[in-house]
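This report describes the packing of a helix, the nonpolar cores and a sheet in a single chain. The structure is shown first.

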Amino acid sequence: MLRPTVAFALATLLVTAGCGKSGGADTSPGAEVNSVDPGSTPADNSPTRLIPVAASVTAREVSPADPSLLELYRKLHSAPELSFKEAETSHILAQELQALGFEVTTGLGQQWVTDKAIRDVGEVKPGVGGYGVVGVLRNGNGPTVLIRTDMDALPVPEQTGLPFASTVLSQTWTGVDSPVMHACGHDVHMTAWLGTARALVAQKSKWKGTLVMIAQPAEEIGLGAEAMLADGLFERFPKPDYNIALHVAADLPSGSVSYASGWAMANVDSVDITIHGKGGHGAYPHTTVDPILVGAHVVTALQSLVSRNVNPTDSAVVTVGSFKAGAKHNIISDEARLLITVRSYDDKTRDMLLDGIRRIAKGQAEAFGAPEPDVVVESDYTPATYNDPAMTAKVMKAMRKTLGDAYVEERKPVMGGEDFANYSRTEDKIPSLLFWVGGVAPERVAEARASGETLPSLHSSTFAPDYERAIPTGTEAMTAAALELFKD
Ligand SMILES: [Zn+2]
Ligand SMILES: [Zn+2]
């Protein structure tokens, strides 16, 4: 059903379809907003249009969601919990699985999270724990399929104006006071995940195998998957033949899904560089070693990594997000600090970038007669998400059949990260897939594209997904995917 405004916007859009403008990169997946081609950069003149414009803004007839799921969505949305603090959320989901007849285990990752908090924060702040949930449903001989949802919200003050908007104030696991909001759509994920569990239980006669439903904490800090795996997710419970997850997309019309085959999301590394100088009076620079000057050269030289060292057909990012030094006009400081985010897909490129950062920092310091800088690559990194091509092709065929060809589209990978990748990084490399579910009303997407307006991205305080269509679509798509994978 196409509303008149959509039809009008569509016509405009078709005329201007060639000038798809790309949104800025963000740390979150799917952050490129109002972008006809979500993977493109301003320099990318590739003629490939991965998402047919007309199709993607047409409103698909979505069968109405189960009212109890919508109610649960609003409940979860108004009571968001931060990473490692998902006590109530995990409790709700565990109860729901239990009612459906799953064998349910809660508190996965407790020891790992406690140890981590003591190591990184010095103490376990109130409410911090490992809240992983695993539900197992055995239904005869067949493959084991793991379906994952994440549960955590973000330290963002909600400004959607929704009647069920969050007014929650809390504290992060490291002790920072903050308002809390489900600004990344994990509430959509949880609801569609539960809808899928219900659908698969209702259709038990149509599949054979073992269904493992997991609710993962702390995706936003990239540690929840690690915590669950460390607590024996693949040893204490049936080991999956397939892992699958979905993420809501802030630029894709609700009713549709999209996916990348192969690399889908990036390796995300954080690097801290401390440049040591020799402080002194700004008027007597010859008696000092100026760490700001060294740092400026490091920042400049780092630009060569992507432009001169990465194969032009690969993708990578080195962004210096913070450069801090000094306090006053006339004092040369003792040190300067750089905080850098590093993105890549394959591990070879990742190693090259990290080695290059170390080499450049060291080399520039030496060139200016400064002591050797400290370069710390954070050990908690988010590995790149690789969507197994064979699994992706199989699942997407089933989704096309269920949702209709026009509503399942391939898109380019993004440079955001997702810790879902950890589940596939086992010795036997379990085939995995993470796909996108449209989160914006089609008419909103059409209007925004026609006017050039930028829609709120994931992590925005005004991100309000079209949940009434995204939840049933996510449920339908995920159920179709699971039924297909159980056929093996
Ligand atoms: Zn996020
Ligand atoms: Zn997210």
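In this predicted model, the cover over the buried residues of helix H4 includes both helices and strands. The covering elements include those in the table below.

| Element covering H4 | Residues |
|---|---|
| Helix H3 | 67–78 |
| Strand S1 | 103–108 |
| Strand S2 | 132–139 |
| Helix H6 | 186–202 |
| Strand S6 | 209–216 |

H4 itself spans residues 87–99, which is 13 residues. From its first C-alpha to its last it reaches 19 Å, close to the 18 Å expected at 1.5 Å a residue. Its buried residues are Thr89, Ser90, Leu93, Ala94, Glu96 and Leu97. Seen down the axis of H4, these residues fall within an arc of 160°, so they line one face of the helix. Gly101, which follows H4, has a positive phi, near 95°.

The chain as a whole has 13 helices and 18 strands. Of its 488 residues, 51% are buried. Among contacts between residues at least 6 apart in sequence, 82% join residues at least 24 apart.

The largest nonpolar core holds 100 residues, and Val145, Met213, Val257, Met399 and Ala481 touch the most other members. Helix H13, residues 467–486, gives the most to this core, contributing 10 residues. Leaving aside residues up to four places away in sequence, Met399 touches Val257, Val408, Ala477, Ala480 and Ala481. Another core, of 24 residues, lies apart from the largest one; among its members are Val289, Val294, Leu302 and Ala361.

An open sheet is formed by 4 strands in the order S12-S14-S10-S15, with antiparallel pairing. Strand S12 (316–325) and strand S15 (374–377) stand at the edges with a single partner strand each, so one side of each is left without a neighbour in the sheet. On average, neighbouring strands of this sheet are turned by 15° against each other, direction ignored. S12 and strand S14 (residues 335–344) run antiparallel and are joined by 9 bridges. Thr319 stands opposite Thr341 in S14. Helix H9, residues 291–309, packs on the sheet, where it touches strand S10 (267–276), S12 and S14. The direction of H9 makes about 170° with that of S12.

Conventions. Residues numbered from 1 in each chain as written. Chains lettered and ligands numbered in written order. Predicted model: local features only at pLDDT ≥ 70, side-chain atom pairs only at ≥ 80, totals over all residues. Core = buried A, V, L, I, M, F, W, Y, C linked by C-beta atoms within 7 Å. Buried ≥ 20, exposed ≤ 12 C-beta atoms within 10 Å, placed from the backbone. Helix = DSSP H or I, 4+ residues; strand = E, 2+ residues; numbered from the N terminus. Contact = placed C-beta atoms within 7 Å. Expected span 1.5 Å × (residues − 1). Arc of directions from axis to C-beta. Pairing = 2+ DSSP bridges. Axes fitted to C-alpha atoms, helices over the stretch in contact; angles between N-to-C directions.
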